[in-house]
Amino acid sequence: MSEVQPEEFDRSASEYLLKRSSTLALLLDGEGRVLRANQAARNLLGESVVGRGWPEIFLDFDGSLARRGFEPGARLLSVVVPGRDPLSFRFWIVREAEHTALFGEPDYAESMRWASVAREVTQDLSVLTRELHRKNADLAELNAAKNALLGMAAHDLRNPLTVITAYTEALIEELSPFTRPSTLDLLFTVEASVKRMQELLDGLLDVSAIESGTLKLNRLRCDLRELVAEEARLHEPLASRYHVALRSRSVPKCYLVEIDPCRIRQVVDNLLGNALKYTPPGGCVEVGVRDEGGEAIVSVVDTGPGLSPQDQARLFRPYARADVVPTHGRSTGLGLAIARKLVSAHGGRIWVESAPSVGSTFAFALPLASAEESKSLPH
Amino acid sequence: MHTSLPEAVYAGYLSSLLAGERAECRRIVSEVLAMPGRGPRDIYLELFQRSLYDVGQLWETNQISVATEHMVTAITEGLFAVTYPLLFSGRTAQRTAVIACVPCESHQVGAHIVADLLELGGVRTTFMGANTPADALVSWVAERQPDLVGLSLSIEAHLPELRATLAPLLRVVAAERVVVGGRAFLGWREPRLAPFGVRVLRTVAALEQELGVAA
């Protein structure tokens, strides 16, 4: 076996350092400009590294390089990598006459620590993601159980309430000729309270059916303008009792939509009822239908107290109540939540635009059945 | 009849994985999940498990670096979440299990696959991850009394840590309800680990069979 001559070894080592090694090798002149750079330095810092001054290559936040220059020995320095984050290298610095040679190696121990932390974080994230999905599934299961319980409870409570309503009505009828008005008032209060409980239970049953996915829509092709106009007519007595002007204003067209008319009536009823409840005497509520971008849009505009941005954000959640109080009547806190779910079930959307002291516009959009069939009607 | 995934799908997945293309891997996983007759189990066994074995082989034969192997593991664990909406359906499970790696055991991906496959088989499985401190595991098991405790070990050199975990663990749970497994036991011949008497299950299939869950 032939021996490697020391000169040959030195030449190989030098060639390896200049062409193949991942160690950075730079030679700076007395002005701090790069005279020579090995292949690793050119790969990392760019082919144009030769001729550049050291401040373009090395970070010097505290100005120590500028003050003292490159002192011989070991030193951690960070280099600017074009298009990427800076990288830190452990440099070995040699000074010879006015020249400075720098040899930089990545800090492997540091890289390993970094990789280890990255790995632990990834693993933790993976375990936590799993736990999050499990908890979400658990919550969905609990929500389903809550809906089932809600549905059962509401259903079972409705029966005795029906009996109470029937007997209260019978008592009022039988006693009214012989009883003092103040006693009758007590019975009227019972009747009104029972009615309110029934409304609340109907709302809970709706929430339960919608959330558990058992709500059935009996879709029919209807003219939405006709449905809205009829609802407006039905609300006229209430508007008159509250001294609120109720106006109906729609472009006279047929707005054909495929809907469950009972359910969409429920939505319009809720929006009109709320508008009337929150509008002070002397105010105005206007309801109308228009079409826009393939959708029929029903809007209910009131001159009520208006809603703050916070109220607007939470209004469509179950049991959410606005800070403003109704001028007339009370609210179950479920109506708008149900309205939103019913509109969504029809593939539509519902929203509110409002400003305090200005009034509110509640609107919902439903997809039109087909453009050809919603032809203009003669005026 | 259940057939293996098309080879081209697997090859595409493996090359994307080695190239660090997370988004492409995620796309392939979603695509396979959408194939008729395919489900999370196919993903775990035919994509995740198979590719991890192949990548391990590539590392052992010096064809890829440690860094690439770690990157592949990290990407794979991130992809588990794609199956989670199907895995955790919210159904009420009758049986419960906990899968953990002993202290010093930093390889968790195999145990994670086991935990997810048990979950898929209808066992409510808690996964505690790498380096689970023995006292935390013991107090959790004492409080919840799961039907099965599975401990994972990838390197035989960590057997002392496994033994140190088993000793206090078996004071709060019967040995019959504890199993050990993982890469460290692949060449193991004994059915039980002395002197504790806990069962050694060398494959996921053996564990699934033990629990009578879908195989």
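Predicted model: local features only at pLDDT ≥ 70, side-chain atom pairs only at ≥ 80, totals over all residues.
Local features need pLDDT of at least 70 and side-chain atom pairs count only at pLDDT 80 or more, whereas totals for chains, interfaces and linings use all residues. Residues are numbered from 1 along each chain as its sequence is written, chains are lettered from A and ligands numbered from 1 in the order in which they are written, and side-chain values use heavy atoms, with hydrogens and water left out.

Chain A has nine helices and 12 strands; helices (H or I, at least four residues) and strands (E, at least two) are DSSP runs, numbered from the N terminus. Of its 379 residues, 39% count as buried, that is, under 20% relative accessible area, with exposed set at over 50% and partly exposed in between (1.4 Å probe, protein chains only). The accessible surface of chain A comes to about 22,300 Å², and 57% of that belongs to carbon and sulfur atoms; areas come from the Shrake-Rupley method with a 1.4 Å probe, and for residues only the protein chains shown count as cover. Contact means heavy atoms within 4.5 Å. Among contacts in chain A between residues at least 6 apart in sequence, 60% join residues at least 24 apart.

Turning to the strands of chain A, strand 1 (24–28) pairs with strand 5 (residues 99–106) in the antiparallel sense over five bridges, two strands being paired if DSSP finds at least two bridges between them. A:Leu26 has A:Leu102 of strand 5 as its bridge partner. The hairpin of strands 4 and 5 of chain A has two residues between the strands, and A:Ala97 takes a positive phi near 50°. A:Thr23, in the loop between helix 1 (6–19) and strand 1 of chain A, counts as buried at 13% relative accessibility. Leaving aside residues up to four places away in sequence, A:Thr23 touches A:Phe103, A:Gly104 and A:Glu105, among others.

The largest nonpolar core holds 50 residues, of which A:Leu224 and A:Phe364 touch the most other members. Such a core is a set of buried Ala, Val, Leu, Ile, Met, Phe, Trp, Tyr and Cys residues joined through side-chain atoms within 4.5 Å. Helix 7 (residues 261–278) of chain A gives the most to this core, with seven residues, and 14 of the 18 residues of this helix are buried. Beyond four places in sequence, the neighbours of A:Phe364 include A:Ile264, A:Val267, A:Val268 and A:Leu271.

In chain B, six strands form an open sheet of mixed pairing, in the order 2-1-3-4-6-5. Strand 2 (123–129) and strand 5 (192–193) of chain B stand at the edges with a single partner strand each, so one side of each is left without a neighbour in the sheet. Strand 4 (residues 178–181) and strand 6 (residues 198–200) of chain B pair in the parallel sense over two bridges, with B:Val200 as the bridge partner of B:Val180. Elsewhere, B:Tyr10 sits in helix 1 (residues 7–18) of chain B and, at 3% relative accessibility, counts as buried. The C-alpha atoms of B:Tyr10 and B:Ser51 are separated by 8.2 Å, although the two are 41 residues apart along the chain.
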